Amino acid sequence: MMATCKECKKYFPLEDDPNKGDCVQRMIDPRQAYYQAKPVTAEKDAARCSSFEKK
């Protein structure tokens, strides 16, 4: 079975549409740490995602 974004710790579904959400990752550069969010769908194949973490 393939891994999907909705199975990842970093996936946060939208309140009005749980089939869509944000992939939120903590980024660190030399000056600061911050969060970066990108829109994804719940069923997106996460098999090749380097930051996938099972819930």
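## Overall features

Of the protein's 55 residues, 25% count as buried, where buried means under 20% relative accessible area, exposed over 50%, and partly exposed in between (1.4 Å probe, protein chains only). This is a predicted model, in which local features need pLDDT of at least 70 and side-chain atom pairs count only at pLDDT 80 or more, while totals for chains, interfaces and linings use all residues. Residues are numbered from 1 along each chain as its sequence is written, and side-chain values use heavy atoms, with hydrogens and water left out.

The protein contains 3 strands and 0 helices, and its elements run β-β-β from the N terminus on. Helices (H or I, at least four residues) and strands (E, at least two) are DSSP runs, numbered from the N terminus. Along the principal axes, the C-alpha atoms fill a box of roughly 40 × 25 × 15 Å. In the protein, 45% of the contacts with a separation of 6 or more are between residues 24 or more positions apart; a contact means heavy atoms within 4.5 Å.

## Surface and charge

The protein exposes about 4,500 Å², of which carbon and sulfur atoms supply 52%. Accessible areas come from the Shrake-Rupley method with a 1.4 Å probe, and for residues only the protein chains shown count as cover.

There are 11 positive and 9 negative side chains, and the centres of the two sets lie 6 Å apart. Lys and Arg count as positive and Asp and Glu as negative, without His and the chain ends. Each charge is placed at NZ of Lys, CZ of Arg, CG of Asp or CD of Glu.

## The nonpolar core

The largest nonpolar core has 5 residues in all: Cys5, Tyr11, Cys23, Val40 and Ala42. Such a core is a set of buried Ala, Val, Leu, Ile, Met, Phe, Trp, Tyr and Cys residues joined through side-chain atoms within 4.5 Å.

Val40 is found in strand E3 and counts as buried because its relative accessible area is 9%. Leaving aside neighbours within four places in sequence, Val40 is in contact with Cys5, Tyr11, Lys20, Gly21, Asp22 and Cys23. Val40 and Glu53 are 13 residues apart in sequence and 15 Å apart in space, C-alpha to C-alpha. With neighbours within four places again left out, the contacts of Tyr11 include Cys5, Pro18, Val40, Ala42 and Lys55.

Gln25 lies in strand E2 (residues 20-28). Its side chain makes a polar contact of 3.3 Å with the side chain of Ser51. A polar contact is a pair of N or O atoms within 3.5 Å; within protein, one must be able to donate a hydrogen and the other to accept it, and residues adjacent in sequence count only if both atoms are side-chain atoms. Beyond four places in sequence, Gln25 is in contact with Lys10, Tyr34, Tyr35, Gln36 and Ser51.

Ala33 is in strand E3 and is partly exposed because its relative accessibility is 40%. Ala33 and Lys55 are 22 residues apart in sequence and 23 Å apart in space, C-alpha to C-alpha.

## After strand E3

Glu43 is placed in the segment after strand E3 (33-41). With a relative accessible area of 47%, Glu43 is partly exposed. Not counting residues up to four places away in sequence, Glu43 touches Met2, Thr4 and Lys6, and a polar contact of 2.8 Å joins the side chains of Glu43 and Lys6. Glu43 and Arg26 are 17 residues apart in sequence and 22 Å apart in space, C-alpha to C-alpha.
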